[in-house]
Amino acid sequence: MNSLDLVLVNYIHRSDDGKISQSPQLGLVYLATSAVQAGFGVKILAGDNVSNDLGSEVKKSKNLLIGFYSNSDNYSNILKLAELCKRIDPDCLVVLGGPLASVIDEEMLSNDCIDFVARGDGEELIVELLNAIKHGGDFSSIHGLSFKAADAEATGSVFVRNLPRRRLRDLDEIPIPDRSLYPTKEFGIRSFIVSSRGCGYRCTFCFESTDRKLRSHSAARVIQEMRLLKEKFETEYFCFVDDIFTSDHRRVREICNLMIDTFKPNEDFFWYCEGRVDNLTKQPDLLPLMQRAGLNRLQIGTESGSQEVVDLYRKQIELPQAFEVASQACEVDLLSVYTNFIIGGAIETKSTFDDTLLMATQLMQAAPGRLEITSNFLSPYPGTDIYNNPERYKVRPLGRINSRPADEQFTTGLSDSYVFVETEALAKDQLFELRVVFVDVIKREMDQIARSMPVALIKRHLEMRRIGLSTFWSDFLLQDRILRSWFRFSGVSHYSCESPEFNSFNPRFTFPVRTIDLRQCIAGRFIWKLRGLRIDFSRQELFLVEQASGKNSLDEIVTRYVNEFSLATSPSSVLIDVQNFYGEMAGQLLLVY
């Protein structure tokens, strides 16, 4: 590889609870792969603490091009990092790409530290830009590039916006991204697949509506990338991060049938995608096929419980369609259906909020233990119709300055997680209060559903977590001490490995371990609040529970049991009774056996 020519930076902001995102920006890997194949030296930096490494690379390399992935949450930090680079080496060059680049390129170039803005597909653009830098700096022919004008005084223009770049029609021409170029081996890098680009819809709140042209990889290419990830990373859970996976039902069918023919769906792999409820209800055989092909988690868009609000968002769906999908998910035994509601969105009032809250709880009842609900606030993303015409939606961005939001860089909080707009009917503090109500009601609903959730469904939520699928239900269930203990113990082979034949006496493989806290067991009575379960142990049963500490083999426990209760029988004759008791306990997740 040549000396370093390009550094690509994915600045990832921490979430409200202080966690760093585990979602790498795969787009940078696409760019890096193209640049490497063209003979350039490339390095990717990622995280929320990249300044030292970035500064070190700028010091070491000359004529370095530094590319930043930009979105609404990291834009203000990116500008600071770009300024740092320019202070270290004024001759280094900075290019911004990502969602914001296509809508605010002129504003980006107004910053002294930004030299270029890349609009549209970047795989070919980045190679052309690197070649131009290497061979003299003629940028005028690079379609999709915006840059500062060299002769601004003569032309009266401070920046140049080249012609838009022709969208890549055949995505299969793009090489499969070389994930070894990404600096960490976190889950997303071995799981994420982009099988299509663009959305095709025009939701007024969504940034993706600014690029409506939908383009897709062929089904064969999708399977090729899945096979590569399974071979290289032993990937068991794939995340299709397309904006909408289900837009073309013919393509979905082809992909699913190839998955079934190529792999062992629901055995050696599972997958997630985002779908539209109208796509799925109009093709009622599609979701069953997707489930047979390994679909385990599905995201759908609902946004509001008011049809008037949904229509104003131009969602092009009917709310009953969400209930149809939820019911069908139960029928086909899909593990999870995930959806989101916007609080404080278009024409929001207390009445529309009540509609949303009612719909959220009804959806959870339609698919108990499977339906996952989240909520966020409305963020006025640049380029969206809500940003351009807030009065049409009866919202007002907080502290507007010259008809623009005062905090359009979202410096006071993470977008979607903080209030940046009020509605005509609801002020900022009222919106905060409504979200507290929403979260509390959803939590109470989960408490009620958890009491009657089938044990098999609970185990699926927890077991899927081991291969990378963390549902909101698994997060909720793991707050319970018993289930948290079961999850941890069941992942340790010393406890969970059974004898090849369950009924055969083979104590080497059987070390029962309880998940309940016996300190909460008073006079032989144990109460499991989450499940609404009360158990009154007999003296013999309590003895067996005490012995199931994970330190004693089944052989030792049976022998002690016989001696403790002075049974006139051999240990082997009571083995079945002990096994049956432990089996019943294990069936309720109160024991790992």
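For burial I count a residue as buried under 20% relative accessible area, exposed over 50%, and partly exposed in between. This is a predicted model, so all of my notes are about the prediction.

**Charged pairs**

I looked up the salt bridges and got a count of 28. I started with D385 and R314, whose side chains meet at 3.8 Å, N to O. D385 sits in helix 14 (residues 385–388) and R314 in the loop between helix 11 (307–312) and helix 12, so this pair ties together parts 71 residues apart in sequence. R314 has 29% relative accessibility, so I put it down as partly exposed. D385 is at 17%, so it goes down as buried.

Next I checked R460 and D333, with their closest N and O atoms 2.9 Å apart. This pair also links distant parts of the chain: R460 is in helix 16 (residues 455–464), D333 is in the loop between helix 12 and strand 14, and 127 residues separate them. R460 is partly exposed at 23%, and D333 is partly exposed at 38%. I also noted a network in which salt bridges with shared partners join D121, E123, R197 and R215.

Then a local one: K60 and E57 form a salt bridge at 3.6 Å, N to O. Both are in helix 2 (residues 51–60), three residues apart, or about one turn of the helix. K60 is exposed at 59%, while E57 is buried at 6%.

**A buried glutamate**

Is E225 buried or exposed? I found it buried, with a relative accessible area of 1%. E225 lies in helix 7 (residues 219–233), and its side chain makes a polar contact of 2.6 Å with that of R179. Beyond its sequence neighbours up to four places away, E225 touches Y30, I176, P177, R179 and I193.

I traced an open sheet of six parallel-paired strands in the order 8-11-12-13-14-15. Strand 8 (192–193) and strand 15 (371–377) are the edges, each pairing on one side only. Strand 14 (residues 336–343) pairs with strand 15 over seven bridges, and I noted I373 as the bridge partner of T339. Helix 12 (residues 319–331) lies across strands 13, 14 and 15, at about 165° to strand 13.

**The core**

The largest nonpolar core has 147 residues, and M226, F240, W271, M290 and Y582 touch the most other members. Helix 15 (residues 428–452) gives the most to this core, with eight residues. Apart from it I found another core, of 31 residues, including Y75 and F159.

Conventions:
Residues numbered from 1 in each chain as written. Predicted model: local features only at pLDDT ≥ 70, side-chain atom pairs only at ≥ 80, totals over all residues. Heavy atoms only, no water. Pairing = 2+ DSSP bridges. Helix = DSSP H or I, 4+ residues; strand = E, 2+ residues; numbered from the N terminus. Contact = heavy atoms within 4.5 Å. Axes fitted to C-alpha atoms, helices over the stretch in contact; angles between N-to-C directions. Buried < 20%, exposed > 50% of the residue type's maximum accessible area, 1.4 Å probe, protein only. Polar contact = N/O pair within 3.5 Å; in protein donor to acceptor, adjacent residues only side chain to side chain. Core = buried A, V, L, I, M, F, W, Y, C linked by side-chain atoms within 4.5 Å. Salt bridge = Lys/Arg side-chain N within 4 Å of Asp/Glu carboxyl O.
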